[in-house]
Number of protein chains: 2
Amino acid sequence: MIRKITFVLSMTFVYSLNQHVFADNWTAKNSDPQRLGWMEGFPPPMEKRIMQPDSNFFSFPKMRWTVCHIRELLPTEQINRGLNPSAPFEYELDIDSINALSFRLMETDEVMTWKESLNANFTDGMLILHKGKVVYEYYNGCLTESGKHGAMSMTKSLTGLLAEILVVEGTLDDTALVSSIIPELSESAFGNATVRQVMDMTTGLNYSEDYSDPNADIWNYSAAASPWPKPAEYSGPNGYFEYLQTVKPKGSHGDAFNYMTINTDVLGWIISRLSGQEVTELLSERIWSKMGAELDAYMTVDGIGIPFAGGGLSAGLRDLGRIGQLMLNDGEINGKRLFDPVVVENIKKGANKAAFAKAGYTTLQGGSYKSMWWIFHNNNGAFAARGVHGQTIYIDPTADMVIVRFASFPFAKNADIDPSSLPAYQAVADYLMLKN
Amino acid sequence: MIRKITFVLSMTFVYSLNQHVFADNWTAKNSDPQRLGWMEGFPPPMEKRIMQPDSNFFSFPKMRWTVCHIRELLPTEQINRGLNPSAPFEYELDIDSINALSFRLMETDEVMTWKESLNANFTDGMLILHKGKVVYEYYNGCLTESGKHGAMSMTKSLTGLLAEILVVEGTLDDTALVSSIIPELSESAFGNATVRQVMDMTTGLNYSEDYSDPNADIWNYSAAASPWPKPAEYSGPNGYFEYLQTVKPKGSHGDAFNYMTINTDVLGWIISRLSGQEVTELLSERIWSKMGAELDAYMTVDGIGIPFAGGGLSAGLRDLGRIGQLMLNDGEINGKRLFDPVVVENIKKGANKAAFAKAGYTTLQGGSYKSMWWIFHNNNGAFAARGVHGQTIYIDPTADMVIVRFASFPFAKNADIDPSSLPAYQAVADYLMLKN
């Protein structure tokens, strides 16, 4: 039974578990959560439930409902926007022209229009800002303009942003060893890594996210992170912090980019230890309450109330547009400076491309990962927050453009999505640059 | 182990479990949650945790932290305020004069000042509106002006308000039998009760809330209502709706007021069946998005996503002030009519006093309970929403006054709190009436 409970807990908690076989004929239309009627009715009929007794919330197509309803399934902590009025965007919509743009898919060279790409990528929300104004806005599936959507691993970029702010302010020394800030991690693989290695994910960790392996570390991580009461027989770690102390090293730090969520959880711990605040509190104080946000955001928490710094965020589409605009404008928004421009400069510079290349991301060749942001090192100097199933905040300083996408693509790999999204973003950038 | 898990689940879910022996020398000051440092630190030290491994969230003094953090412990559903700007209150503060008011306690005749009553009643938030303007506002313990506090059974009054709105609009026939609307309840005690008997809690139910009895119905209710995964061995009902179908009759309907939360859960079911909306959705559509609310609110949910209509609400202090003002002004606020004035007229009229008297509420003699609101039938025509541990929205139409209090009084009985609060409210009413 422990195995079973642990598994169920895990299934609800890790955001990339769609290893289940399913028919390949799902489309954005036939998997639309309203069309499928998830959770409708009082009570919802058994086959329409996404909750008990089946807790496999993130299986496809249930996921297309779940991404907008995470707080209904798990305990969460608010990221408070405060009580100030929001700062609405100006609009200069250009929907039809953008819909008609076409581009060639990476790899296959197939031609696709922007409009076609929305459904091809199971897009739930799309916002394009040009020179700070909304030129394109779109909602589909479970999302509305006052709703919130799971940001998945885009959460990491916000945690990384907070860390980079603390580095520039001098509160956090990114050359320090993790063990000097979090002594509890001394015996773990993280102990002799530098903060910078954690921030840029070049740590060497013996950690497996192979979901098909019942002994993979991801299962222990999930069981530890579950916010639900542990079974009486459970003797493993409780919460992110206890789990992180058990991670063993593999190889050396600094050599190669290894994308592992547990780095961000360590970074969240560092931020909280130094600031005395939850990641949610610091995000509220520094960003959400000052950027003119329209909606509160929230993060999932573990069983001792620690926010999931590596993937727990849910937020509104336009509010992530504000995050993008803030990055585009080097820390300023609505005429207010929220942090030193050096913060964004540091991020945009990127990190070690050779270390990044070793990870073999075929759709991101020549890129790097800096402070939990993806740096494309392309002609436009674009960089992005990215999350599984197609989430992105894509910032193009040359085109003065921000794109935010929420999506619920059936597979958890962005490599499946990049071929029909990265060239699409470039096509919009090219169009907007020509326009002016 | 089932027993243990069930118990743990229960303890987190029922809001009135302070039957534990504790030293009588707790005061508002020495139990202040900030002073006690609950959940502080990364991670919080074991003895400062309110979460796992101890899940007894609502024991005192932990409760003084928990009442502001319920979403961090349980899945919840948002009551969306929408995207419109809020409608801030005007202020005409009169703090010192109100603090200095004195009154005599019920029963003992002891004299107490208003200011003293705040701590005597473990007050976390206090708002007084006079002629629609804020004359008094106070935050303490875990609460701030942008925070939310558990409304406990005040939730019932909002569910009752929705029902009364549907009655006046003709959507809900309060003379109908419950079984005619919810056939699933035909075999239960509720089947042959009228909607009105449910709304006024004069149903005859075989249901015990005796927490000292391990076989009391409240434990089965709590286990059913728990949002956490059911243990493999669990074979009881899942969620509010399944539980309600198991409730057996006792005595006859209509004879006596029997205050039982399960009536409100039935009413929530009726409202959702008829409207096709969650209680949270209807509250958002009809009330929260239209009253100029400053904050979203939320409700806890069971394991199939059904909001806890009988007690699950958390909200901001001033937003409950808006609810009070809306009731005071017979359905109007900020110059907008939200519902027919007959709704409030019906509620204020009250219900059968003789039926109410049978319940033996010594502090509420001569009162009645109508559509889940407490009607005092006093000279001022006051009526109120009330929740355990001292929550209230107290509406005095004669004094043109609304009082909202959030509190975390150590005991779950309002009979312990009324002697130092009801006369205090009257003293403020008397003062405000003289003032003009």
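**Conventions.** I number residues from 1 along each chain as its sequence is written, with chains lettered from A and ligands numbered from 1 in the order in which they are written. Since the model is predicted, I kept in mind that local features need pLDDT of at least 70, that side-chain atom pairs count only at pLDDT 80 or more, and that totals for chains, interfaces and linings use all residues.

I took strands as DSSP runs of E with at least two residues, and helices as runs of H or I with at least four, numbered from the N terminus. On one side I noted B:Met401, B:Ile403, B:Arg405 and B:Ala407, and on the other B:Val402, B:Val404 and B:Phe406, all of them buried.

I then checked its pairing (at least two DSSP bridges between two strands). Strand 4 of chain B, residues 123-130, pairs with strand 17 in the antiparallel sense over 7 bridges, and there B:Leu129 has B:Val402 as its bridge partner. Strand 16 of chain B, residues 391-396, is also antiparallel to strand 17, over 5 bridges, with B:Ile393 partnered by B:Val404. In the hairpin of strands 16 and 17, which has 4 residues between the strands, I found B:Asp400 with a positive phi near 50°.

**Open sheet.** I traced an open sheet of 4 strands in chain B, in the order 1-9-10-6 with antiparallel pairing; its edge strands are strand 1 (76-79) and strand 6 (149-150), each pairing on one side only. Strand 1 meets strand 9, residues 297-300, over 4 bridges, and B:Thr76 stands opposite B:Thr300.

**Helices 6 and 11.** I looked up helix 6 (residues 154-169) and helix 11 (residues 261-275) of chain B, which pack at an angle of about 40° with their axes 10 Å apart. I therefore call helix 6 oblique to helix 11 (under 35 degrees is roughly parallel, over 145 roughly antiparallel, 65 to 115 roughly perpendicular, and the rest oblique). The axes are lines fitted to C-alpha atoms, for helices over the stretch in contact, and angles run from 0 to 180 degrees between N-to-C directions. Among the residues making the contact are B:Leu162 and B:Leu166 of helix 6 and B:Leu267 and B:Ile271 of helix 11 (C-beta atoms, placed from the backbone, within 7 Å).

Note on methods
A residue is buried if 20 or more other C-beta atoms lie within 10 Å of its own, exposed if 12 or fewer, and partly exposed in between; C-beta atoms are placed from the backbone. Two residues are in contact if their C-beta atoms, placed from the backbone, lie within 7 Å.
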